[in-house]
Amino acid sequence: MTTLAFLILFAAVVIGYFLNRHAAAQIRAHGTRLHSLVGFHGLYSALLIAVSGIVVILLWLMLQGSVIDRSVMASLPPGVLDGLDKGQTALILTEIKSIARGQVFGTPEEWKLAAAELLKERTAAARLAMVVIVALMSIALMVFARTRVSAEFRARHGVERIIYGLMIFCSTVAIFTTIGIVLSLVFESIKFFRMVPIQEFLFGLRWEPQIAIRADQVAGQGAFGVLPVLLGSVVIMMIALVVAVPIGLFAAIYLNEFASPRTRNIVKPVLEILAGVPTIVYGFFAILIIAPFLRSTGASLGLDVAPNTALAAGVCMAIMLIPFISSFTDDALSAVPRALSDGSLALGATRGETMMKVLFPAAIPGIVGGILLAVSRAIGETMIVVMAAGIIAKLTINPLDTVTTVTVQIVTLLIGDTEFDNPKTLAAFALGMLLFVVTLFINILALRIVRKYRELYD
Amino acid sequence: MTDTSPSSQTGAGFDWTSDAYRERLRKRRRSELLLRMAGLVSISLAIGFLMLMLGSLATTGYKAFTQTHVTIDVRLDPALVDAEDVAGSNWRRVMQAAVAEMFPGLEDRALRDVRAILSDGATFMVRDRVVADPTLIGSVLTIRVPVSDPFDQLNKGTVDRNTPEANRRVSDAQIAAFDQLVAAGRISTPFNWALFTSADSRFPELAGLKGAFVGTGYLLLVCFAIALPVGIGAAIYLEEFAPKNRISDLIEVNINNLAAVPSVVFGLLALAVFLNWFGLMRGSPLVGGLTLALMSLPTIIIATRASLKAVPPSIREAALGIGASRQQVVFHHVLPLAMPGIMTGTIIAMAQAIGETAPLLLIGMNAFITAAPSTPFESATTLPTQIFIWADSPERGFVSRTSAAILVLLTILVMMNALAIWLRRRFERRW
């Protein structure tokens, strides 16, 4: 039905275009000068129909589901929903929906079957209504646009206004995305904090997001203290930075000051390749090579190394961050005015002294900004840690132990079932909120430092 | 101070050959050298990591590009194959008989062990062949079928024959039978076309990337169809039309921040909005494409703005001067000139989107699906999520298949980036 609606819309757009174009051409053929070219008259009709049609279809599809759900739930015989909380009501709705899809398990009650039948009827009716409305609206707009064709009609202005509006809409998509992220995280987190108190989440020392199947089970409560998870993220991030920052810095210093143009032309693209490798490849590399290597090295040193060490994940993440840090450093060093290094060299300093005592200190704000961005990437990085780090939260800073991270927990909590009524899945949104806030804070700080520094020399 | 080195102020009477000076010079040169060495070591470490990564992927992955096959003769006995209902015949019995014929004199239990050499898919391959051509019934069908994963590994040398039998997945008797087949010339290792032509499977020897290719294709299509127009529209507005005010600033800051939001957060957004609120199909390339479109928007907007900015103002002024409207200036003159840069940026953004995994896991694109999707609206996997599924599978054959899939993914990425570079070289104009 949706396809049909789009087909009707498409046909209306094409017909409207040629109708208006033809009408405008007729007027011109009679010797009257038009304000706008005939193509604009056609486009005016086409855009009018297309934009309003697409808006109606999308809005309809967005709202149809919840409206029908509500009407079906309202039509249930009185009494069956008494004494049920929101989660159980949602469960009944899910059951009705699956019956309507034809997946009947066991023998559902009579009223559920009736409700499923009703759901099917109303959905079909709604779809039909959408097609009819789209068709009627398209015809109405087509007629409207056609009546406006005249020699004086400023079709081009109309078209440009519509396109202007569309462009404004496009540039607000980014804002809507941010709003969408914030709202969805906030809403689901609020639901979560209704079940788990916020202070327990922020300051708890145990993270065991298992959900009890029976109320009397041992450890049936589940614990949602985020500190061990956060500590895991920090441990892996620190390992990554300890490895990546010196390598990245020295590589950038060499490339910026010592390397011949030829070396530069070879090494820079290679580093870019390293930056372009998808992170899942790094993750697989960690479990294929780095983790076994650490294990055997640890065993030969008599150390007990866990299979999913923080070290393996951290080292792998470091490899990912090297090109990031080195390119930021390179940019920061290049942004220092030539006069500074020329002056230093003229005083007799060696290239190395110029670099370490003049260029590098001058570039430090930019470099710090870059490192901060690397920190936020390391905390937000997901696939490497999902594959290489563990899923059990331990309050430890031992790099040879298994730790878990915020991103790993988000993924493991949400893989598989996603019923939105238990703290387990909602906890992922609370973690996401935490992640979003922390990375946003670091990013803003980093961008501010970088910008301020740029103004210094511009 | 002044009496020990009075001449250092002027430099005229300085003793350039004194030991103290030479010592200092040596120190300075040494630290210079150290800095250079540190740089070189760092660069070689970075390159070394890349080489190690590619090398290890290649050495584990190349094996998956061939697949051990065994040629078997299947007697299509009319007593066993029902001509009326070919597909419904007892094909297990047919295959059993075929194996028994190859190894005469083996008792039932030993025979069952030997049968494990054939992949589980072999039965279906024989069945499908006969269903397609029922005239074969009554003849002997010679067909090449894949062997199961343990024997594929045995043939490729990843199973050590010297390990104790209990620690191996293949028994001594099975190895003997396999060697017999090798001696009979029935074993061959042709190129593994199944890796590209079949979808996912529980059995490594049957698993392929077709579903992932189709899923990634649909996903990129959706992503491209949404991100490109929206990105260009936003960039044109911000670069050419937007008044300099707080709202424009807000949009700019927003786009920059969005570029740095962790990808997994976009997955949460997609889960809450696209799946839960809009009720779109879980795991469909449509949802994945929408999510990745939002993620690649900042990249496309930034690249588009840069290439719009690179078009010199004289072009705009000339067009305005002969009476074009501001939009005509942009759409007829500036945009076509900026197009190569925009396409380069878009291809790079798409290359980033191809490798993105985390948000796709959250919207359920890591389901086990044995058929390629036929529309963007049904559940599917993509290349990176397929890699993730295979990396999680315990069978040995999936290790090399994961590496092979990564090599395929990297090849696609290299090709896309090469295309972007070529576009830039070919069409870029310096003004």
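Predicted model: local features only at pLDDT ≥ 70, side-chain atom pairs only at ≥ 80, totals over all residues.
Hi everyone, let's begin with the interface: chain B and chain A bury about 6,400 Å² between them, and carbon and sulfur atoms give 79% of that. Buried area here is the accessible area (1.4 Å probe) that two parts lose on being put together, summed over both. On the chain B side, Leu35(B), Met53(B) and Leu268(B) lose the most area to chain A, together 10% of what that side buries.

Residues are numbered from 1 along each chain as its sequence is written, chains are lettered from A and ligands numbered from 1 in the order written, and side-chain values use heavy atoms, without hydrogens and water.

Back to the contacts (heavy atoms within 4.5 Å): 72 residues of chain B touch 75 residues of chain A.

How many salt bridges are there between chain B and chain A? The count is one, where a salt bridge means a side-chain nitrogen of Lys or Arg within 4 Å of a carboxyl oxygen of Asp or Glu. The partners are Arg28(B) and Glu353(A), at 2.7 Å, N to O.

Helix H1 of chain B, residues 19-61, gives the largest share of the side that touches chain A, with 19 residues; helices are DSSP runs of H or I, at least four residues.

Definitions and conventions: Helix = DSSP H or I, 4+ residues; strand = E, 2+ residues; numbered from the N terminus.
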